[in-house]
Amino acid sequence: MTQPILKLRDVVVEFPALRGLKALMAPRDARHVQALNGISLEVMRGETLAIVGESGSGKTTLARAINGLLPLAGGEIWFKDIALHQRPDWHDIRRQMAMMFQDPVGSLSPRKTVRDLVLEPFAIHGRKAGNPTETAARLLEDAGLNADFLNRYPHQLSGGQARRVGVARALALNPAVVLADEPTAGLDVSVQGEILNLLNAIKAEHGLTTVIITHNLNILRHIADRIAVMYLGRIVEIGPVTQIMEAPRHPYTAALMSANPEPDPTTRRERIILSGETPALTSRPTGCEFHPRCPVARDDCSARVPELTQSGPRAVSCHYPISENT
Amino acid sequence: MLQYAFQRVLLALAIVFVAISALFTIMITLPGDPTTVLLGPRATPELRAEFRANMGLDDPVLVQIVNFWGRILSGDMGMDYNRNRPVAEAVFSALPHTMALVFGAIFWSATLGILLGAFSADNRNSWLDRVTGVLSVGFIAAPSFVVALYSLLLFSVTLRWFPTIGAGEPGDLASRLYHLALPSFAIGLAWVGYVARIVRASMLETLGENYIRTARAFGLTRRKVIYNYALRVAILPAVQVLGVGIGGMLSSAVFAEIVFSRPGIGSLIYDSVSGRNYPVVMGSMLVAIGFFVTCALIADLVNAALDPRQRVK
Amino acid sequence: MTETLTVDGLTVHYATREGALQALRDVDLNVPAGQIVGIVGESGCGKSTLINALLQLMSENARIAAGSVTLEGEELVGAPSRRLRDMRGRDISVVFQDPMTSLNPVLTIGRQMHDIQYREKISRAEKTRRAADMLGRVGLPDPVAKLDAYPHELSGGQRQRVAIAMAVLMRPKLLIADEPTTALDATLEVQIIDLLKELQREIGCAILFISHHLGVIAELCDRVVVMYAGEAVEEGPVADVFNTPSHPYTAKLIECDPGRMKTKAALLPAIPGDLPDLTAPPTGCIFRDRCDKAAEICRTSPTPSAVTGAHWARCHFAGGGRQ
Amino acid sequence: MMDRLKHSLIGRLLADPMAVFAMAIIVGLVIVAVFADVISPHDHTAMNLADRFAPPSSTYWLGTDNLGRDTFSRLAQGSRIALYVALVAVSISGLIGLTLGMIAGFGPRWLDNVLLFVFDTLRAYPTIILALALAALLPRGLSTVIIVVVITSFSEYGRVVRTQTLSLKNAEFILAERAMGASAARIVFHHVLPNVLGPFFILAAMNLPVVITIEAGMSFLGIGVPPGTPSWGATLKDGFDYIRNTPWIIIAGGLPLILVTLGFTFLGEALRDQLDPKLRKSR
């Protein structure tokens with residue numbers, strides 16, 4: 001548990017901001033926006049780290065950068081002792097690092113049967129699947145689907161079933177790390193629990209390390225050991241899940257946690273309502289990027305960029321964090 | 001919008017430049033005496049020698065292309081040695097006839113096609129919609145030169161309702177339109193079907209959009225929703241298709257001009273090819289391609305003007 | 001208490017290749033004047049069919065087989081289309097789920113807000129002024145400039161505010177909000193909920209708020225209707241339904257919400273099984289196949305049983321029923 | 001599985017009366033083309049000057065032309081030319097377009113821009129006008145027809161395939177394949193290609209009649225088949241030159257063209273209805 005299996009240092013990912021003639025005429029540094037702006041974090045062997053944030057925070061970009069689907073514009077990523085930022089052998093790394101995508105049905109190749117889909121990793125990595133049909137059936141069963149599904153096509157599956165196929169496939173080659181992008185997206189609450197239970201069970205059984213990307217705050221306590229909160233492509237707070245959820249130190253984390261309506265009409269919590277929306281990546285505020293929306297911002301917040309500062313198991317990036325006793 | 005327009009214009013110019021340069025290169029590099037190609041077979045040896053020297057035919061290909069464009073841009077499109085007139089004169093006296101033909105065809109296809117398509121979508125799955133559907137596909141399938149031949153045979157030769165030959169009396173608009181009716185119909189018929197299909201399909205797609213539901217939920221009348229909100233979006237692909245379709249219509253115009261013995265770019269090129277009159281062929285090509293690219297550009301810009309989302313791309 | 005909207009025995013069928021799909025069966029619900037009523041249910045429960053039926057804007061293959069919908073006593077089912085059109089947007093209006101697609105992409109915001117005022121006998125300038133006022137009221141910065149903007153030039157949250165402004169512009173008696181916050185981030189969601197509350201207080205309209213998010217319903221609504229597989233299975237004041245859920249489905253649904261568990265759960269609850277096939281719904285209780293409490297009696301259809309005054313559930317075991 | 005899909009597709013096509021009509025015409029065309037020599041009552045090249053300008057009769061079912069050649073026999077032979085040119089030209093341009101379109105859609109951005117510009121430029125040549133321009137430079141014959149068709153039409157396939165590929169490129173299932181470590185070749189051939197082929201075949205079916213028309217058109221203009229070859233276009237040209245003497249040649253000569261284009265277009269439409277999920281859903 002103490003050993004990091006993934007290490008990110010100052011990771012930067014850029015997207016082109018302008019196209020065509022505009023891009024040619026613009027100054028070089030205005031041609032790109034930073035979707036990730038200096039992300040540093042460690043994922044320990046066997047833990048589950050949840051990355052939370054709203055749209056535009058860069059959480060999906062982060063998962064894709066770790067998996068090499070997006071090129072880095074700067075920084076380092078280490079997987080065990082392999083430098084992912086120096087053109088590694090992705091073919092082999094991706095066998096050890098499985099990824100699950102948001103859309104349960106859309107992430108399955110539409111003209112393949114469930115059987116082919118589950119066996120796809122074996123085909124890609126030239127592994128023998130033993131008796132293919134048996135292997136496929138076993139993998140499905142581990143994910144809670146019976147063999148009747150082998151000959152179905154993705155469009156014949158419900159969201160929950162498709163998600164299970166995704167899980168079965170992700171685990172086919174016993175990866176060390178699973179990156180799951182919004183594993184509960186598009187699922188009803190009555191189904192969501194089953195999928196999360198499945199992920200938890202598999203994780204315990206295989207000693208997996210998982211990184212879960214989500215905007216669903218309700219599920220955090222039940223699946224994550226630690227969470228990292230992102231805003232505008234930076235981590236604003238990171239630490240053990242209960243500590244962060246119960247005593248957030250960054251004002252954004254506090255607002256986010258309080259913004260989650262409770263399914264209980266009798267408890268009414270103090271709510272911090274933020275004004276406005278997340279600014280566009282093209283117009284990042286100066287200093288602390290949260291200051292225009294921050295309810296406790298002070299004058300110098302617009303001038304100085306805060307650093308992510310470690311204290312004990314948690315770290316926060318704020319000049320005036322909420323103190324732990326209040 | 002201005003930026004978008006500027007980019008499209010640049011692209012259009014580049015296309016004309018490359019398309020014509022490529023053709024020019026093929027012509028001067030193909031085996032055979034380029035003087036034959038460029039002057040036609042009737043040129044005398046003296047004329048050839050002089051031409052070869054003047055035009056720098058022994059220069060590298062790139063230099064020749066530059067010289068060619070230099071002459072074009074200064075308004076010199078060469079000489080039609082067969083009939084001893086400047087190519088520009090031949091081409092630009094033919095162009096208006098072809099333009100009339102093409103715009104006539106667009107008039108047919110846009111009005112009839114959009115009406116039929118919108119009507120079909122409005123009454124979808126009725127028997128009228130089915131009939132319109134089969135008719136539209138039938139129109140699309142009918143080859144324009146067969147339509148031209150059949151209508152010539154039926155309406156002009158047999159029934160004598162329409163003239164068989166020519167473009168009408170110069171200056172007499174009624175006569176011109178009278179002569180234009182059949183040939184432009186022959187070219188436009190397929191496009192009536194095409195436009196109707198596209199408008200119907202995109203109309204049905206648009207009517208399924210959420211914002212149409214919003215409009216109806218706000219109590220806007222059905223007519224207003226269909227003809228103001230939906231049709232406005234639904235004709236966008238038709239505009240695009242017609243813009244690009246002008247290329248096809250120019251091809252059809254060749255047949256219409258020959259079948260109905262009309263003057264125009266098509267018959268000019270046809271006659272020049274039979275007479276191996278290559279300067280005229282080159283000039284006609286330049287004008288035809290320029291005309292097509294301009295029309296496609298206009299369709300593009302009209303689209304962008306009607307659909308604000310396009311401009312961002 | 002006067003009812004703004006009353007739905008009584010509403011039954012809607014879709015014609016499909018497999019036969020009639022019974023999307024709504026015998027649905028009853030009331031929206032009292034000036035109250036916010038929530039409808040909660042998972043996918044396939046018939047929420048969208050219900051909205052379409054309330055607006056009388058149904059797809060071609062849908063048919064109201066039975067029941068009535070009345071708005072302030074006026075029957076909507078079978079009403080002349082001219083009259084219905086008259087009421088839409090003025091007496092009853094709606095905010096849809098997806099702010100990206102519910103506004104017309106090729107018309108400016110101002111033009112769209114003009115169009116929905118077509119019934120008003122006021123000058124263009126006055127219409128523009130009202131539109132701008134309302135945009136300002138829903139919290140859009142620089143409302144006058146926004147009139148000339150196209151929807152794609154606004155952010156998601158701003159678009160949803162525009163949609164709300166359009167919906168309340170004519171001060172309707174009933175506002176239907178179809179998952180208006182689902183497409184938005186959490187911090188925007190609470191902004192929109194607050195806005196709806198304020199507007200409701202100001203205009204005094206009744207709101208029918210559809211959501212699958214129990215937390216939002218609990219926070220915003222006075223009453224709640226729980227729907228499952230085309231039936232309303234429980235209805236009552238929010239506090240009663242959340243504290244003493246009396247239909248097993250409601251109880252399960254609340255139990256499944258991981259938000260109410262403050263410590264890490266070893267095993268998250270779920271509802272095993274699938275929705276019944278609505279082209280051939282089982283006889284008796286619709287939830288029978290997935291219910292822990294199912295017994296012999298559940299083979300007969302339950303009728304709504306009162307739990308307390310305004311709280312009822314469609315279950316044989318609910319309230320004073322046989323336990 | 002592929003079998004089942006095909007069966008169900010053919011099954012669905014057979015349930016559509018327009019598709020059945022279309023397939024009947026196409027099967028008819030193929031039969032006529034294969035057995036052209038058997039069903040021709042006369043040698044299509046035989047000139048019978050005594051019977052010039054003969055109207056339709058029991059000897060000459062569709063009459064004769066100015067040289068006394070039997071119109072029916074010439075049209076039957078013409079079906080071979082039409083079918084041959086259409087199949088060869090569509091195959092070549094389709095293959096080029098498919099390849100370039102996938103390269104454009106899947107390759108680096110600059111290459112996409114270059115190919116798109118090439119497609120745009122080629123589209124600027126009006127087919128028949130380009131054919132006329134090239135006519136005097138290239139030898140007259142079917143290969144010239146095929147070259148002209150390929151030059152002017154592969155960009156259309158390329159464009160469609162590119163659009164399709166581009167939208168697939170960012171689809172989650174393609175990302176998922178990449179994230180599993182699949183090679184570019186595997187992604188292209190196993191996952192992109194099968195999803196591109198549907199629209200591609202629809203376009204090909206729709207293009208067959210266009211090519212047949214271009215061949216007929218070029219032959220009509222005298223820049224297609226060599227003189228004497230019984231292309232439908234050449235037959236129509238003979239009829240046109242003597243329109244007042246032999247109107248039956250125009251009427252009869254246009255019919256097979258119209259029928260065949262109708263057949264292929266209806267088939268394309270029916271295929272589109274069956275393969276395009278968007279249209280299927282809306283029903």
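Author: Welcome! In this predicted model, local features need pLDDT of at least 70 and side-chain atom pairs count only at pLDDT 80 or more, while totals for chains, interfaces and linings use all residues. Residues are numbered from 1 along each chain as its sequence is written, chains are lettered from A in the order in which they are written, and side-chain values use heavy atoms, without hydrogens and water.

Reader: What makes domain 1 and domain 2 of chain A separate domains?

Author: Their bounds come from an automatic or database domain assignment. Domain 1 of chain A covers 1-46 + 58-86 + 227-261 + 270-326, and domain 2 covers 89-224. Taken over C-alpha atoms, their centres lie 28 Å apart.

Reader: How many residues of the two domains are in contact?

Author: Contact means heavy atoms within 4.5 Å. By that rule, 25 residues of domain 1 of chain A touch 26 residues of domain 2 of chain A.

Reader: Why is the pair A:Arg221 and A:Glu246 called a salt bridge?

Author: A salt bridge needs a side-chain nitrogen of Lys or Arg within 4 Å of a carboxyl oxygen of Asp or Glu. The N to O distance for A:Arg221 and A:Glu246 is 3.2 Å, so the pair meets the rule. Between the two domains of chain A, the count is two salt bridges.

Reader: Which element gives the most to the domain 1 side?

Author: That is α2(A), with five residues; helices here are DSSP runs (H or I, at least four residues), and strands are E runs of at least two, numbered from the N terminus.

Reader: What does buried area tell us about chain C and chain A?

Author: Buried area is the accessible area (1.4 Å probe) that two parts lose on being put together, summed over both. For chain C and chain A, this comes to about 3300 Å², with 51% from carbon and sulfur atoms. C:Thr187, C:Glu219 and C:Leu268 supply 18% of the area that chain C buries against chain A, more than any other three residues. Between the two domains of chain A, the value is about 2300 Å², 68% of it on carbon and sulfur atoms.

Reader: How many salt bridges and polar contacts join chain C and chain A?

Author: The rule finds zero salt bridges there. Yet 14 residue pairs are in polar contact, both at pLDDT 80 or more. A polar contact is a pair of N or O atoms within 3.5 Å; within protein, one must be able to donate a hydrogen and the other to accept it, and residues adjacent in sequence count only if both atoms are side-chain atoms.
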